[in-house]
Amino acid sequence: SRAPTRGGGGGLGVGLVGILAAGFVVVRAPVSRRTRRLVAIGAVSLLMLAVLANPRLRELVRHGGWGDTARESNTQRSAMLDAAGRLGAARPWIGWGPGTVPLTYPMVRDKLDGGVDNVLQLHNTPAQLWATLGGGGLLALILLATATMRRLGQLACECPSASPAFAAAASLAGYALFALTDHQLDLPAMNILLVLSLAQLFREVPAVRIHPA
């Protein structure tokens, strides 16, 4: 069987970042109405391009359903999620360890409905964490997501000087969407970018209220 095709999460992540950035400009930035309209149009155009640039999403939009290749990929991804559930349940506290998916996946392969003979990763970051790090990995992810949401709540009433933090939040939201269709935390560059975005998000900014004219 072939490896799963790209799920479109990367393109949707880019589109989400554009939408969030436009929302920040429209709602908070001290710009003219004409500029706000142009930014909104640009964000919608970016989202449309992101969808059309991905074969799976383009096929879904144009024909109202998945094609044969996309359906095969969906079956494979569903099997990988099933495998993650089985592997995590076997070792719910500590998982099987980082990098062990290619070694442990064949142990549950015969219990899956469809899928490929072996995989290098499970194409879903929460599933990958559950299989490799168990409940501890999922707990760390939940705590990080909760802290991020609380930080966004703190930034809601701060001045435009917080815009770099909102840019970091938009990037993290885009990656969160992408992470549902892939797992890239084994790449050093991806981890560096995530850490930089989190550092920018949690950086102290002046808490000054802005009253729009």
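User: How many aromatic pairs does the structure hold?
Analyst: The structure, a predicted model, holds one aromatic pair. To count as a pair, the ring centres must lie within 6.5 Å.

User: What describes a pair of aromatic rings?
Analyst: Such a pair is described by the distance of the centres and the angle of the planes.

User: What makes Arg-91 count as lying over the face of Trp-96?
Analyst: Arg-91 is at 4.0 Å from the ring centre of Trp-96. The cut-off for a charge over a ring is within 6 Å of the centre, together with a position within 35 degrees of the ring normal. Arg-91 is therefore listed as lying over the face of Trp-96.

User: Why is Ser-197 called buried?
Analyst: Ser-197 has a relative accessibility of 15%. Buried means under 20%, so Ser-197 counts as buried.

User: What is the secondary structure of the chain?
Analyst: The chain has eight helices and zero strands. Along the sequence the pattern reads α-α-α-α-α-α-α-α.

User: How much of the chain counts as buried, and what does the chain expose?
Analyst: Of its 213 residues, 35% count as buried.

User: What share of the contacts with a separation of 6 or more comes from residues 24 or more positions apart?
Analyst: Residues at that separation account for 70% of those contacts in the chain.

Notes:
Residues numbered from 1 in each chain as written. Predicted model: local features only at pLDDT ≥ 70, side-chain atom pairs only at ≥ 80, totals over all residues. Heavy atoms only, no water. Buried < 20%, exposed > 50% of the residue type's maximum accessible area, 1.4 Å probe, protein only. Phe/Tyr/Trp six-rings, centres within 6.5 Å; stacked < 30°, edge-to-face > 60°. Helix = DSSP H or I, 4+ residues; strand = E, 2+ residues; numbered from the N terminus. Contact = heavy atoms within 4.5 Å.
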